[in-house]
Amino acid sequence: MQLDSPNQFESYAILGRAFGYPNCCVAWWIAGMDHRVPYSPEPLTDWENTQFVPCPKCREKFATDLIREIKQRRTVSELFPLASGNVRPEDLAKDFSLAEWADVFASASKAMAVVSQHQD
Ligand SMILES: [Zn+2]
């Protein structure tokens, strides 16, 4: 996959934010989906029953702390680790607060910066 439009980054960032994942992990996950970036986020042992792929930094954290953070940040009604695949970012973002939008733009722009380093 090649991520070329800011809308793609924003849509994925909305998904990650709605499911409560930390900004660093969302940015890492989005950037890694672009085939030009030299890694791809694969499901990890211990997390394989979830949709969540922790970034390398968060893998150092205690899973219980990370899960607590994710649960507190979640805006979707499904409890972690549930994450329905059939959701539209525009619906998830409808009720986002300014702080939640700030998280979306933080992770989207971080991912864009990583991808732009690997463009031709
Ligand atoms: Zn992280």
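Predicted model: local features only at pLDDT ≥ 70, side-chain atom pairs only at ≥ 80, totals over all residues.
Helix α1, spanning residues 6-18, comprises 13 residues and reaches 18 Å from its first C-alpha to its last, close to the 18 Å expected at 1.5 Å a residue. Within α1, the buried residues are F9, E10, Y12, A13, I14, L15, G16, R17 and A18. The cover over these buried residues of α1 includes α2 (23-33), α4 (89-92) and α5 (98-117). After α1 comes G20, which has a positive phi, near 90°.

When neighbours within four places in sequence are left aside, W47 is in contact with F52, V53 and P54. The C-alpha atoms of W47 and A63 are separated by 9.1 Å, the two residues being 16 residues apart along the chain.

At the level of the whole protein chain, five helices and zero strands are found, in the sequence pattern α-α-α-α-α. The radius of gyration is 14 Å, close to the 14 Å that the globule rule gives for 120 residues, so the protein chain is as compact as a globular protein of that length. The C-alpha trace spans about 40 × 35 × 25 Å along its principal axes. Of the 120 residues, 28% count as buried. Among contacts between residues at least 6 apart in sequence, 72% join residues at least 24 apart.

Notes: Residues numbered from 1 in each chain as written. Helix = DSSP H or I, 4+ residues; strand = E, 2+ residues; numbered from the N terminus. Expected span 1.5 Å × (residues − 1). Buried ≥ 20, exposed ≤ 12 C-beta atoms within 10 Å, placed from the backbone. Contact = placed C-beta atoms within 7 Å. Rg over C-alpha atoms; globule rule 2.2 N^0.38 Å.
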